[in-house]
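Good morning, everyone, and thank you for making the time. I would like to walk you through a few local features of one structure, so please have it open as I speak.

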Amino acid sequence: MTQGSPSSSGLRQRTSNADNRPKTPPRPTAISPATFYGTDSSSRKQGSSYTSYIPPDQFREPELVEDTTANNTWDSWGGATTTDWGESNDYTANAATWDEPSILRKITIDGREEDEELHWYDADLRALKRRPGPGVLPPLLADILHDPDHALYSVSTQPHPPLATSPTPHTPTADEVRTAIPHPNAYYCREHNGWVLLLWRSSTVLPPLVKDPEAPLPDQARRRVTTSCVGDDEQPFGQVNVTHHWHRYEKAVDATKLNPPYSHGDLLLDLYLCCQCSTYCLVSDVIPGVIPLPLMDEFTREKIANPAPDKSPRATAVAAWETVLTILDNRLWRDEKRSLPISRNKFRTKIGWNENVAQVFDSLGFPLENLSQGAQKAGELALHPPPIDSDTPEGAASRKKLLRAWVELSAWLVIFEKNKEALKSYNAMVLHAQVDCVRDLYQMGIGAHVTQISRDGLPDALQGYTALDASWKSLGMTPSMYTWERLAFAYLAQCRCDPANTMVYFSHLVNIVNAMINLRIDVPDELQKLIIEERERCRFTPEDCARAASTLGFGRDGELGVDLDADVDDEFIAQAWRSARQRAWQRSDAHTRRAALNDALKIVAEARGSKALLKIWSEEKGSGMSPETAYSTLDVPKEVDEAMLLAIYSMRVEDQPSQAERMREALSVIAEVTNSERLRQFLATGADPGDGTTVNASPEMPRGLNQLGNTCYLNSLLQYFYTIKELRDAITPMATTDAKSLDDSKFTDEDLRRHRVGGRLVTRREIMRSKKFVSLLADLFWNMKMCENAAVTPAVELAKLALVTSQDEEEDETEADKAGTDSSNDTDATLVDDMAVAARPAFDCSSSPLQSPKSPSGSVLGKRPREAESAMDVDARSQTMSLSPRSSPPTTDSVASSKGHEATSFIEEAIASSSSSSVMTAKRPAEGANADTDVEMKDESQVAKAPPPLPPRKARQTDDSVMMFGRQHDVSECMDNCMFQIETALLDFQGMATSDDDKTSPVKRLFYGKKRQRLIALSPDDDARHQSSIHEKEDLFSHLHVNVADEGFDLYDGLARYFDDVVEIGGMKKRMEVSLVDLPPLLQIQLQRVQFNRETQQAYKSQAYVKFGETIYMDRFLDSANPEKKARSKVIFAELTAARERIQHLTQGKHAPFAPAFANVADFLSKQDVLDLPSDEGFLSSLRSEGELITEQLRVEREKTAQLKAQIEDIWKDDTSAAYELTSVFIHRGSSPSWGHYFFYSRNLPEHPDSWFKYNDSDVSAVSKDEVLADTTGSTANPYMLVFVRKGCDAIDTVHRFNPEIDLEEAT
Ligand SMILES: [Zn+2]
Ligand SMILES: [Zn+2]
Ligand SMILES: [Zn+2]
């Protein structure tokens, strides 16, 4: 046993140790390290504590550590190699990527990993990293080790002074007395009357563990690097941690396996390891003393409460205990065997007697029994001393117990008597034990000593503020040790070692800071910064989490109507988020709202630890980027289609790799705004999943056309043009048209006057515009021929020129001028509305010489100035036409001059009124007084065609916000515009041709035929009165129109009505007959499906199936057709029409269909029991028979129509000279007349007339003839235009792909 205070000896050791050993924390010196644990450190010097360490000459950066480890001698011990040093390197590497000025980096702490901290929610990562879990800082550990209000004492016994009497056979040996202390590292607590086994040391070797610890052990390699976090000399590279971070492993070490072992029974010790250094600490629960604490306390309390007259209360207690100690002393050293009669005066005054005292003695092994015989008073009770001879097990046990009790009582008294004042003048007995408080010692050992960690930083307002107790504790610290740096360290260390609870720690940190704010304590900047930085890393509190859930719409009052609990799956949350983000655009605070939603999803995702949600979040969150910015970043119009968008995106990324991230962000914003699964998939996988159909990119296939906004009907048209060989050949050379050749000054006024297109003169500007159009078309054609990709993207400028007529463009500009629109406004972002920004064309249009660079963006979009467009649009247009010769529409067969307008409107009206059904096509009101003169047309050689009735258009504002080019233009209008421009561009100013119907123009040559029209008074009376009322004229046509209204018609029926119909003119019904004088190579038949319902005042699309075949014979419609046959078929056709009208009346009249109606009424009446009607079987049966009658009538009429139809066909069966073969079919799919999808079939001519291609924007596929000719009844996808090619005419060459063998040969 060493002399003197262990405490002072420990401290001395620290200061006087002159050798090179790293300073280990002081420890009690009662037991030599050489014998403890069996680690013979004197010979093997195992463990870092005893490893010589030569410090580097100078301070070295942490990254140089590796050099040292290469030579270090530690790695041969302990099993683990030092490759785990990597963690230190990680720190260095991370430090470079982390923001240096960050407060997060200012804290002295190691072992953090950014990636781990950012992905704290990732259970897989956590499993991989195996962090030890929550830790505590030394001051809290000190509190945990033992009650901080208690002191622990190292107890040493003094040699018992020589006794007056000679030693008895049972006198305890010195060794016995020493080992009466339970363990060399057991410290006595007076308050507990017990012992705490407590030891601490710095060693790379861990004590033997009872079992695999439940929480992972801290990384041993990292621990080994540093001897101790505390003390300058212990850390080779300077202080890397504010203090220790202790991790508890409960009951992990068996005290009986220690060296020396604890030999008083089973005892498991809690192990505390610092995750940052080699220090560890073992502590037991309190090992109770011999006399149970309650007895001890009650004994003392009772004495203090009843002090002796001559003593102070405390002296009374001391005296009582001294008596007990003396009894023990006498028993052990004097072998006193006499019983202690408790009723004797001496006992009564010194100790007193009560139940508690009895129990105290009972616990010491002194049973209360009757006094043995021979005593003075029979029946007197006395305490009997236990045996102490070590020969008997009983004696040995009670000997040990008495010795322990003797030590404990001695220690108790020494400690109790330390408060000398309370004892006043009491002359205490001599005690044979010495105690030394070890508080300082173990606090030093674990780094909790006030000299190591000061306790003066807590703001006064927080002293005794218990509301934060749980927060301090959770962070592993005590309030008394508070400084901002330690708080930050405690927080970061917890997050580092227990990432799963990062948010718990964060909320406690926030709690503390909030409390400081509430208590008006100045919160250190560093703490404020820490919280800000942590919030930037998406740290959140439970309140934040609840708020996030409600932001997403969860909660009782949320729009989703469900709580966010474990039952809600990720996909549901993701959809809730997506939909909320989309809805956010409707709000004025869209950006704030969306940012809030993003944050909310991240919080919810992290709180749930859902990687799937986080993936969705990171892929789809975009940024604060608005849709407008997204579109303008990619420089695409808002209505760009997905294929096009992806094409442009890839192009942009290729062009500007540095902007790739931003482009991607923009794309993700668009994906989300448009809620596009295709774009999402592209973002997620990098591959375009396509629009659901596979694209055939084989070289022999025609190329597709990527869609630009709502322009698929334009794509159909462009594909159609491409299949027409002569047109293609005429256009292809125009690709070379450059700005120079577009110099408009080379056209003289004289030149301009020589040519008319569409029956009117064209302006220089229109010529320039058309040349530009055709040049772009030629480019497109070239690409369609050469391109290896499956699809080609038409230039936006081309689409614009195709869709917007020159008149519209000029009107827009005029309007803009009137409104004083100035280009400077357009560049002012604040003045540009959403549409203008979003719909900026993808390609530079300002280089076009035809485009005023100052034109407002609206005109680029083809905003049309027409106001009040309605079902009566036709009228509005024709009035414009009649008022302004310049603005007559450039319809290809509208060759009427202004003078011819009356005739135009007359014919239009005639056609418009030709429908005899109750459902009418849009019809112009009669133009009153002019009606008669309208039919005056003897000067007229040309009459405008009847423009097809237009569908009513939506209000312009609506369209503008939805469509790329202002609205979805009429297909026929677009076609006319294209043809007008092709024709204008191909005008031959060198040649001398001047006639409108000159056949030098490929457009005229290919598409134009000549027809003769006769208008005949219907009634014989009229005929009699006005012989002159037979009017006849010829004009050109490029389309034939078939009115599609009813079922059961085939193409011949439709054409028959076109060629012979009754029309109403000026209130008079007249017959109009049309015959064909001249047939074009390409016969375009428009199926007029847009119909107008007078009752509902709505346009609608007729879905009626019009049967057509691969071949049509036009002979019967020729002017030269056999008049006798014509007359015969005319009669039959009249019958046929009458029969069809009856059928129509019965099936589609106001209350039709009648047959089922009768049956239903009869059925209803026979079964109903609501009304008390007299039963009338006669009525019911007549109802039923009426229904049957109608059914029969329908059957008869249908049979008749079939017969009549067959008769007509029979008449013409041999007239097959004007044979035409189907070559193109334009399809509209949809039920609205103004919306829908358009695609196109083209026959693979000339080589494979039995095979067809389907052109569906970017997708071109081979399809069967059956698909093209299929009965479309019940489908909304049906033809709106059929094109036939004259048999034997090789006008069509469908595929026309680059063929090296042929094309290169031609070139040479
Ligand atoms: Zn205690
Ligand atoms: Zn440590
Ligand atoms: Zn730790």
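This is a predicted model: local features need pLDDT of at least 70, side-chain atom pairs count only at pLDDT 80 or more; totals for chains, interfaces and linings use all residues.

Let me begin with helix H20, residues 502-518, and helix H21, residues 525-536, which pack at an angle of about 140 degrees with their axes 11 Å apart. Angles over 145 degrees would count as roughly antiparallel, and H20 and H21 are therefore described as oblique to each other. The crossing in which H20 passes H21 is left-handed.

Which residues bring H20 and H21 together? From H20 we have Phe 506, Leu 509, Val 510, Val 513 and Met 516, and these meet Leu 527, Leu 530, Ile 531, Glu 534 and Arg 535 of H21. Sorted by class, this contact is made up of eight nonpolar residues and two charged ones, with no polar residues.

Moving on to helix H26, which spans residues 627-634, we find that six of its eight residues are buried, so that the helix is mostly covered. Those buried positions are Pro 627, Glu 628, Ala 630, Tyr 631, Thr 633 and Leu 634.

Finally, strand S21, residues 1090-1093, pairs with strand S22, residues 1098-1101, in the antiparallel sense over four bridges, and Val 1090 has Lys 1101 in S22 as its bridge partner. The two strands, S21 and S22, form a hairpin with four residues between them, and in that turn Gln 1097 has a positive phi of about 55 degrees.

Terms used. Residues are numbered from 1 along each chain as its sequence is written. Chains are lettered from A and ligands numbered from 1 in the order in which they are written. Side-chain values use heavy atoms; hydrogens and water are left out. Two strands pair if DSSP finds at least two bridges between them. Axes are lines fitted to C-alpha atoms, for helices over the stretch in contact, and angles run from 0 to 180 degrees between N-to-C directions. Angles under 35 degrees count as roughly parallel, over 145 as roughly antiparallel, 65 to 115 as roughly perpendicular and the rest as oblique. A crossing is left-handed if the near helix is turned anticlockwise from the far one by less than a right angle, and right-handed if clockwise. Contact means heavy atoms within 4.5 Å. Ala, Val, Leu, Ile, Met, Phe, Trp, Tyr, Cys and Pro count as nonpolar, Asp, Glu, Lys and Arg as charged, and the others, Gly among them, as polar. Buried means under 20% relative accessible area, exposed over 50%, partly exposed in between (1.4 Å probe, protein chains only).
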